[in-house]
Amino acid sequence: MVETQVLIVGAGPVGLTLALDLGRRGVRCVLIERNDTSIQLPKMERCNARTMEIYRRLGVAEIIRDAGLPRSAPMDVFLATSMAEPPIVRLPCPSVAEAKAEIAAHNDGRPLEPYQLISQYTLEPLLRSIVETLSGVTVRFGCELLEFTQDSASVSAAIRTHNGESDTIRAKYLVGCDGGSSTVRKQLGIRLQGEGNIRKLRQALFYCPDLYERIPMGKGRHYHIAEGPLFPFIILQDSTRHWTLHAQASTDGEMAEIFSRSLRMPIDFKMLSVNEWTQHLLCAERYNEGRVFIAGDAAHLVIPTGGLGMNTGVGDAIDLSWKLAATLAGWGGPRLLASYECERRPIGLRNVKASRAAMSGRLSWRAAYHPDIRKNTPEGAAIRAEMARRFDVEQRKVTEILGIEAGYRYVDSTIVWPEPGDGPDPDNPHYVPTTWPGARLPHVWLRDGSPLHDRLGLGYTLLRLGGTRVETSNLERALQATGAPLDVLDLEDDIARDIYGFDSLLVRPDLHVAWRGNRVPQDAEAIARVIVGNTSGITPTQ
Ligand SMILES: Cc1cc2nc3c(=O)[nH]c(=O)nc-3n(C[C@H](O)[C@H](O)[C@H](O)COP(=O)(O)OP(=O)(O)OC[C@H]3O[C@@H](n4cnc5c(N)ncnc54)[C@H](O)[C@@H]3O)c2cc1C
């Protein structure tokens, strides 16, 4: 019998991120993974801006960038009749280096980190190698969760290793990060709601080392091939020598033919793997029961268009992690863990919706296809122009959704201090910085050139801005009385006061705003009780 504080089932990107954050918070955990090795197949390849901010806070953003696509590589998206022909349309997307330079040149609340392309088969072993160095975390590959029981004090999980040995792990909490076919979710009897089994596609991985340097239309990340009805979709992987192809092919062998046809140039390549995958738009009806939680693909399944699969799961992990740590440390109130579902499930539903919008946009430009698209005639030109027009509008629902990625807000959270009114649109695809309680604190550069985010610690931070020295001692005392870790940060910078719009803000361990104001209300204890989950929430007053 193994005893631990948190048992994490599944060492995909979400389980690994959860283990990393719990580990750095000093929580003892065991991470089990039924496979013997990390994933070998390509799946996701783009960590979005918010995920990269999270990885920055975990101290691994630059390690991930070093292992990912070179910082100078363009991220452009193309539509073309083949890789050898001129593009029908090109959507320029900045390289990481260019995006970083833009971020450095502006102090307007935009996210601190840009995206990073890194193949899932690179990211997972990298995260695993980091997690394995954490003293409180035990990582066991080749170890499958069979079933579990829970009572009011703990969860007991029956596991089996690949050499057939059985064991029991007893933990205070269990988190199922065990993917779309989650054993944990099924055992809890939690149903998925939405549209399942929408369509099946094949994904093939190719080694084609010379292609990147030889594409006449230019270097980019996504190449959509205008060839109906298959519409091959070619994606650059992080090495720049590997490529994936997605298509609705009927056999594995057909994938190599489609790749060759899409290239339309004599070039050597080798098909390394093919796998079939199914598109779903689903979200779990509940995210937990008692001491057991689900996160990542176990809780929501999106179509990867828009890159909201793993990225949403990383958001789950980072919301749950500090709440588990707080509850185990004793300062998290009885409602803190319950707020995980109330905060993250609406985001799961919202991102399923955004993924549906991104996919329907893709179907819209594909509908403009006609086999005469290559013809050097007015009709051929008209087909290309119409497809380009639609692509230019619709593809932005995939590549220009920074508001969905970083602008999410925990609208009806029971652990943020509510304000009257609806607040800014939390589903705006364009990112608009806001400190409305529940939103992620926008990034601000300080006078010394450092980002404010880097000054925030593992606990709560009370920000006092613009030299206003707002009187916060009653709130500090109230929070300290709960046992919650608190730092107070006085920042003279006017720019932070301007962007944040208030003299004082209370920021949670996950960087979301818990409270803001120009003076602390008399009953500061009420704020403290709500944000650490000691009360059932309150109705906003003016
Ligand atoms: C083609 C494709 C492209 C994608 N592109 C993107 C993208 O660009 N951006 C993005 O954000 N997302 C993308 N995604 C989605 C992304 O791959 C998933 O959202 C992500 O893998 C989910 O991570 P996870 O850790 O929740 O689950 P998984 O990666 O599925 O990991 C679950 C792990 O749990 C293990 N496990 C399962 N059951 C047990 C058990 N009983 N005991 C022990 N271990 C168990 C599994 O072996 C697995 O390793 C893409 C997906 C596909 C298919």
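Q: Which residues in helix 2 and helix 9 meet?

A: This is a predicted model. In it, Thr 51, Ile 54 and Tyr 55 of helix 2 meet Met 310, Asn 311, Val 314, Gly 315 and Ile 318 of helix 9. Meeting here means having heavy atoms within 4.5 Å. By type, the residues of this contact are five nonpolar, three polar and no charged.

Q: What makes helix 2 oblique to helix 9?

A: The axes of helix 2 (residues 49–57) and helix 9 (residues 310–329) cross at roughly 40 degrees and come within 9 Å. Angles under 35 degrees count as roughly parallel, and 65 to 115 as roughly perpendicular. The crossing angle therefore makes helix 2 oblique to helix 9. As for handedness, helix 2 passes helix 9 in a left-handed crossing.

Q: Why is helix 1 called roughly parallel to helix 9?

A: The axes of helix 1 (residues 13–24) and helix 9 cross at roughly 30 degrees, coming within 9 Å. The cut-off for roughly parallel is under 35 degrees, so helix 1 is roughly parallel to helix 9. Helix 1 passes helix 9 in a right-handed crossing.

Q: Which residues in helix 1 meet helix 9?

A: They are Pro 13, Val 14, Thr 17, Leu 18, Asp 21 and Leu 22. In helix 9 they meet Met 310, Gly 313, Val 314, Ala 317, Ile 318, Ser 321, Trp 322 and Leu 324. The residues of this contact divide into 10 nonpolar, three polar and one charged.

Q: What makes helix 14 oblique to helix 16?

A: Helix 14 (residues 473–482) and helix 16 (residues 524–531) have axes that cross at roughly 40 degrees and come within 8 Å. Roughly parallel would need an angle under 35 degrees, and roughly perpendicular one of 65 to 115. That is why helix 14 counts as oblique to helix 16. The crossing of helix 14 and helix 16 is right-handed. On the helix 14 side, the contact is made by Asn 474, Leu 475, Ala 478, Leu 479 and Thr 482. On the helix 16 side, it is made by Ala 524, Glu 525, Ile 527, Ala 528 and Ile 531. These residues divide into seven nonpolar, two polar and one charged.

Q: Which of the 30 residues around the ligand come nearest?

A: Glu 33, Met 44, Gln 120, Asp 297 and Met 310 do.

Q: How do you know that the peptide bond from Gly 228 to Pro 229 is cis or trans?

A: Its omega is near 0 degrees, and the bond is cis. Pro 229 sits in the loop between strand 12 (222–225) and strand 13 (233–236).

Q: What is the phi of Asn 197?

A: Phi is near 50 degrees, a positive value in a residue other than glycine. Asn 197 is in strand 11 (residues 192–207).

Note on methods. Residues numbered from 1 in each chain as written. Predicted model: local features only at pLDDT ≥ 70, side-chain atom pairs only at ≥ 80, totals over all residues. Heavy atoms only, no water. Axes fitted to C-alpha atoms, helices over the stretch in contact; angles between N-to-C directions. Helix = DSSP H or I, 4+ residues; strand = E, 2+ residues; numbered from the N terminus. Parallel < 35°, antiparallel > 145°, perpendicular 65-115°, else oblique. Left-handed = near helix turned anticlockwise from the far one by under 90°. Nonpolar A, V, L, I, M, F, W, Y, C, P; charged D, E, K, R; others polar. Near = heavy atom within 4 Å.
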